[in-house]
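Have the structure open as you read.

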Amino acid sequence: MRHLIDILDLTTEEIDGLILTAQDIMKYPEKYAEKCRGKQLATLFYEPSTRTRLSFESAMLSLGGSTLGFSEAASSSASKGESVADTVRVVSCYADIIAMRHLKEGAPLVASLYSTIPVINAGDGGHNHPTQTLTDLLTIKQEKGTLSGLTIGCCGDLKFGRTVHSLVGAMSRYDNVKFILISPDELKIPESVRSEVLDKKGISYVETNSLEAAMPELDILYMTRVQRERFFNEADYLRLKDSYILTPDKLKTAKKDMAILHPLPRVNEISTAVDSDPRACYFRQVRYGKFIRMALIMKLLEVK
Ligand code: NCD
């Protein structure tokens, strides 16, 4: 039985396979409408979510399956003190696959040790978010036609932004990829990602404070929200929250075919005036997220 806890649990070949399946689903959705008939997806969300939970649910429904679950810890037995281990042992009796989001880093990994059905990490604290990364990879493939030879600018909260940690891990397996890591000093990418991924694999990267300086070089601009809920004090958040605001003016020096991605939710970091720019991919990205999750659910349930 397979789980998806870290994006690197999947080989590059498996990721390429998921992308191909998702592209086929987009073309021929009717072929997939009954693939998970009789199967149930449990969404165990201990942290807020709009896209991730609903896209998992929509994915399972579009495969002919059904869903059950909770969308906040307060409405589950976690509020009575039940452990994650016990909760997944129970849910394993009702469902066929679990998508779990938790505020604690490593909680989905713990869940996978006790579950008798596949567990998907739908975001664990400031750590990882592998299915957002699958979404991002499909988006890049659709928009740029390739995952190799790209200069990727990650901008914003690179410290707490779990989507960036998983994206850097995944993209560092493709050829000639270069990262420009744009953040305030306080929100730089964690040392663990730098030493265990970037340095270990000899990936070319630079760290900078300046979005303007990086802009002309970028093939992908991956914007992120400053992760308020992970700050220790509000004053630091207020000081850092508007470090970067992407506007049409700042895009004047960007490549004509640069792709702007954002996992969403957006707060202030992309002006709504950018939304009509053809380079703004973030709402198309949302759509891709459903199809890649359909492909993932089928893979983990071993549906042919
Ligand atoms: C991201 C997350 O939850 O980490 N959202 C998402 O799943 N699309 C990004 C964020 O919350 O800023």
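## The largest cavity

By class, the residues lining the largest cavity are 4 nonpolar, 7 polar and 2 charged. This is a predicted model, and its largest cavity holds about 80 Å³ of space. Of the 13 lining residues, Arg51, Gln132, Thr135, Pro263 and Val286 lie nearest the centre. Helix 2, helix 5 (130-144) and helix 10 (282-300) are the elements that give two or more residues to this lining. Which of them gives the most? That is helix 10, with 5 residues.

## The second largest cavity

The structure holds 2 cavities of 30 Å³ or more. You can find its lining by picking out Gly156, Thr224, Arg225, Val226, Lys241, Ser243, Tyr244 and Glu269. Sorted by class, these are 2 nonpolar, 3 polar and 3 charged residues.

Now look at the ligand, which takes up the space of the largest pocket. Helix 2 (51-62) and helix 6 (162-171) are the elements that give two or more residues to the shell around the ligand. That shell includes Arg51, Thr52, Arg162 and Thr163, and its residues divide into 3 nonpolar, 5 polar and 4 charged.

Where does the protein come up to the ligand's own atoms? A polar side-chain atom of His129 is 2.7 Å from a ligand oxygen atom, and a side-chain N or O atom of Arg225 lies 2.8 Å from an oxygen atom of the ligand. Leu264 uses its backbone instead: an N or O atom there is 2.9 Å from a ligand nitrogen atom. Of the 320 Å² of accessible area that the ligand has on its own, the protein covers 94%.

How values were computed: Residues numbered from 1 in each chain as written. Predicted model: local features only at pLDDT ≥ 70, side-chain atom pairs only at ≥ 80, totals over all residues. Heavy atoms only, no water. Near = heavy atom within 4 Å. Polar contact = N/O pair within 3.5 Å; in protein donor to acceptor, adjacent residues only side chain to side chain. Areas by Shrake-Rupley, 256 points an atom, 1.4 Å probe, with all protein chains shown as cover. 1 Å grid on protein atoms, 1.4 Å probe; cavity = no way out; pocket = protein on both sides within 12 Å on 5 of 7 lines; lining within 4 Å. Sits in = over half its atoms within 2 Å of the grid points. Helix = DSSP H or I, 4+ residues; strand = E, 2+ residues; numbered from the N terminus. Nonpolar A, V, L, I, M, F, W, Y, C, P; charged D, E, K, R; others polar. Points joined across faces, edges and corners; volume = space filled by probe spheres on them.
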